[in-house]
Amino acid sequence: MSRFGKVAVLMGGRSAEREVSLRSGGAVVAALRRQRVDAHPIDTGNEYLGQLARGGFSCAFIALHGRGGEDGTIQGALELLGLPYTGSGVLASALGMDKVRSKQLWRGVGLPTPAFRVMRDEGDTEAALDELGLPLMIKPVREGSSLGATRVAEKDQLAAAFREAAALDKEVLAERWIQGKELTVSILDGEALPAIGLETPRGFYDYAAKYQANDTRYLLPSGLPAAREQELQALSLAAFEALGASGWGRVDLMLDQAGAPWLLEINTVPGLTDHSLVPMAAKAAGIDFDALVLRILETTGL
Ligand SMILES: Nc1ncnc2c1ncn2[C@@H]1O[C@H](COP(=O)(O)OP(=O)(O)O)[C@@H](O)[C@H]1O
Ligand SMILES: [Mg+2]
């Protein structure tokens, strides 16, 4: 696999999702090495730009989740260093990290996303409540892994939910709660992979349901009629491309009780552990973990 040269696998970093990223990066390095790619882990939690500039690397595999890695900043540094990298470019990475700007853009092009309001201080919660009603989903604008996200069913829970999200970001998103089914659609190289249905007995797919609970159910196949699934795959691909995203990623969406789809967010660097959702969807499409990691490496253009 010399065509890829010396590959820097960027992982860790300083975001709230550091631990998940270290697991993704570790799995990527192992998969690349099994396929004789010269892969080198770099933890971007330490000084790393010098290493990247002078390490003789031919490209970078970005396995960083959250701010400082998934949000366009590393992508910008790599552009300046002239190193090709996996996945989306600067603009789409930054947009994908920002749930509010993603939603504004989707609205602009006529794609469905739940009604919302941006809150900057606790005084803004009243207007959000008046406009959107209960229950409400409260989340930081630029975070992941459901960190700081709360379902608010009662008015008196709203201030605490706001503060929890505001501790992670200066902007907080209040979103209309969608009661129904949750789905996630993985994207690889311009194509949507099979949708995965997500079910949890916890009120929503929160941090514990994602990484700790053993009662989270992954429906794959999703159980939707084939034509319906194709529609949702097309919608997900359109949502991904509307933000300018490319290479690979994942789109999270809900189906309400009337069957209408609602886009929640995209992930431009979703989890890549062998338990993660993109690898699960890839496997259902006949692409094993090692092949997936190689396909993602190819998104560098090498
Ligand atoms: N408007 C909503 N209605 C119902 N559930 C939601 C809504 N927004 C988010 N959720 C739930 O919260 C989870 C995390 O939200 P999401 O927007 O995907 O943020 P992230 O995964 O970046 O933390 C979703 O997977 C879903 O279970
Ligand atoms: Mg999500």
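**Figure 1. Tryptophan 177 and phenylalanine 204 are both buried in this predicted model.** Buried means under 20% relative accessible area, exposed means over 50%, and partly exposed lies in between (1.4 Å probe, protein chains only). A search of the whole structure finds 2 aromatic pairs. In the pair of tryptophan 177 and phenylalanine 204, the ring centres are 6.4 Å apart and the planes meet at 80 degrees, so this pair is edge-to-face. Rings of Phe, Tyr and Trp (its six-membered ring) pair if their centres lie within 6.5 Å; planes under 30 degrees apart count as stacked, over 60 as edge-to-face and the rest as tilted. The two residues are 27 residues apart and link distant parts of the chain. Tryptophan 177 is in the loop between strand E7 (172-176) and strand E8 (180-188). Phenylalanine 204 is in the loop between strand E10 (196-199) and helix H8 (207-211). Helices (H or I, at least four residues) and strands (E, at least two) are DSSP runs, numbered from the N terminus.

Residues are numbered from 1 along each chain as written, and chains are lettered from A and ligands numbered from 1 in the order written. Local features need pLDDT of at least 70, side-chain atom pairs count only at pLDDT 80 or more, totals for chains, interfaces and linings use all residues, and side-chain values use heavy atoms, without hydrogens and water.

**Figure 2. Charges sit over rings at tryptophan 177 and phenylalanine 57.** Arginine 151 lies over the face of tryptophan 177, 4.7 Å from the ring centre. The charged end of lysine 6 sits over the ring of phenylalanine 57, also 4.7 Å from its centre. The test asks for NZ of Lys or CZ of Arg within 6 Å of the ring centre and within 35 degrees of the ring normal.

**Figure 3. The largest nonpolar core has 47 residues.** A nonpolar core is a set of buried Ala, Val, Leu, Ile, Met, Phe, Trp, Tyr and Cys residues joined through side-chain atoms within 4.5 Å. Val9, Leu10, Leu32 and Phe61 have the most contacts inside this core. Helix H11 (289-298) gives the largest share, 6 residues. Domain 1 (2-86) and domain 2 (95-112 + 179-298) each give at least three; their bounds come from an automatic or database domain assignment. Leaving aside neighbours within four places in sequence, the contacts of phenylalanine 61 include Val9, Leu32, Leu272 and Ile296. Contact means heavy atoms within 4.5 Å. Another core, of 20 residues, lies apart; Ala195 and Phe240 are among its members.

**Figure 4. Helix H11 is largely enclosed by the rest of the structure.** Of its 10 residues, 7 are buried. Among them are Phe289, Asp290 and Leu297. The buried residues of H11 pack against E1, H1, E3, E8, E12 and H10.

Figure 5. Aspartate 252 lies in strand E12 (residues 248-256) and glutamate 265 in strand E13 (residues 261-267), so the pair ties together parts 13 residues apart in sequence. Aspartate 252 is buried at 6% relative accessible area. Glutamate 265 is buried too, at 11%.
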